[in-house]
Amino acid sequence: KAIRRQRQMCIRDRDSSYGKMLEKMIDDGDICAAEDLLFNDLDQSDSSWLQIALDFYSKLNNCSDDYLAMHDFSREEIDQGLRYICTLFGYDFLVSN
């Protein structure tokens, strides 16, 4: 419930508050839940979400492989998430093979 309440407050002020909430969830090991929140809240018509998503995956990319594995996440999932975000915002040419 606390996360839901914090999430609702952050959605109103998406700049750094939302990103900080995601970062705290990563630090707490709630990586999958943080990614789910991001995908559920993301608004592709608002480009500020692109920066939030890129910051999220950058933070994840800085985590060790052991930390990611300990919390059921992988580098492959980071790659897939980045590809999805770039495609969603029309930057698929940045991640094409």
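Student: Is tyrosine 18 buried or exposed?

Tutor: Start with the relative accessible area. A residue under 20% counts as buried. In this predicted model, tyrosine 18 has a relative accessible area of 0%, so tyrosine 18 is buried.

Student: How many aromatic pairs does a search of the whole structure find?

Tutor: Three aromatic pairs turn up. One of them joins tyrosine 18 and tryptophan 49. For any pair, read the ring centres, then the planes. Planes over 60 degrees apart count as edge-to-face. Here the centres of the two rings are 4.9 Å apart and the planes stand at 80°, so this pair is edge-to-face.

Student: Which parts of the chain does that pair link?

Tutor: Distant ones. Tyrosine 18 belongs to helix α2 (residues 16–27), and tryptophan 49 to helix α4 (residues 48–61). The two residues are 31 residues apart. Tryptophan 49 is also buried, because its relative accessibility is 2%.

Student: What are the distance and the plane angle for the rings of phenylalanine 39 and tyrosine 84?

Tutor: Their centres lie 5.1 Å apart, with the planes at 65°, so this pair is edge-to-face. Phenylalanine 39 sits in helix α3 (residues 31–41), and tyrosine 84 in helix α6 (residues 75–88). The pair links parts of the chain 45 residues apart.

Student: What else does phenylalanine 39 touch?

Tutor: Leave out residues up to four places away in sequence. Phenylalanine 39 then touches Tyr57, Gly81, Tyr84 and Ile85. Take Ile85 as a check on spacing. Phenylalanine 39 and isoleucine 85 are 46 residues apart along the chain, yet their C-alpha atoms are separated by 9.1 Å.

Student: Now the helices. How many helices and strands does the chain have?

Tutor: The chain has six helices and zero strands. Along the sequence the pattern reads α-α-α-α-α-α.

Student: What describes two packed helices?

Tutor: Two values do: the angle between their axes and the distance between the axes. An angle over 145 degrees counts as roughly antiparallel.

Student: Which residues make the contact between α2 and α3?

Tutor: From α2 come Tyr18, Met21, Leu22, Met25 and Ile26. From α3 come Ile31, Ala33, Ala34, Leu37, Leu38 and Asp41. Tyr18, with its place in this contact, is the buried residue we began with.

Student: How do α4 and α6 cross?

Tutor: The axes of α4 and α6 come within 10 Å and cross at roughly 165°. The two helices are therefore roughly antiparallel to each other. Their crossing is left-handed. On the α4 side, the contact residues are Leu50, Ala53, Leu54, Tyr57, Leu60 and Asn61. On the α6 side, they are Arg75, Glu77, Ile78, Gly81, Leu82 and Ile85.

Student: What does glutamate 77 touch?

Tutor: Glutamate 77, in helix α6, touches Glu35, Tyr57 and Asp72, again leaving out residues up to four places away in sequence. At 27% relative accessibility, glutamate 77 counts as partly exposed. Glutamate 77 and cysteine 32 are 45 residues apart in sequence, and 10.0 Å apart from C-alpha to C-alpha.

Student: Is methionine 70 buried or exposed?

Tutor: Methionine 70, in helix α5, has a relative accessible area of 59%, so methionine 70 is exposed. Its C-alpha atom is 8.3 Å from that of glycine 29, which lies 41 residues away along the chain.

Student: What share of the whole chain counts as buried?

Tutor: Of the 97 residues, 33% count as buried. Look at contact range as well. Among contacts with a separation of 6 or more, 54% come from residues 24 or more positions apart.

Student: Which elements have the lowest and the highest mean pLDDT?

Tutor: Helix α1 (residues 2–12) has the lowest, at 59. Helix α5 (residues 65–70) has the highest, at 97. For the chain, the mean pLDDT is 87, and 82% of the residues reach 70 or more.

Key:
Residues are numbered from 1 along each chain as its sequence is written. This is a predicted model: local features need pLDDT of at least 70, side-chain atom pairs count only at pLDDT 80 or more; totals for chains, interfaces and linings use all residues. Side-chain values use heavy atoms; hydrogens and water are left out. pLDDT is the predictor's confidence in each residue, from 0 to 100. Helices (H or I, at least four residues) and strands (E, at least two) are DSSP runs, numbered from the N terminus. Rings of Phe, Tyr and Trp (its six-membered ring) pair if their centres lie within 6.5 Å; planes under 30 degrees apart count as stacked, over 60 as edge-to-face and the rest as tilted. Buried means under 20% relative accessible area, exposed over 50%, partly exposed in between (1.4 Å probe, protein chains only). Contact means heavy atoms within 4.5 Å. Axes are lines fitted to C-alpha atoms, for helices over the stretch in contact, and angles run from 0 to 180 degrees between N-to-C directions. Angles under 35 degrees count as roughly parallel, over 145 as roughly antiparallel, 65 to 115 as roughly perpendicular and the rest as oblique. A crossing is left-handed if the near helix is turned anticlockwise from the far one by less than a right angle, and right-handed if clockwise.
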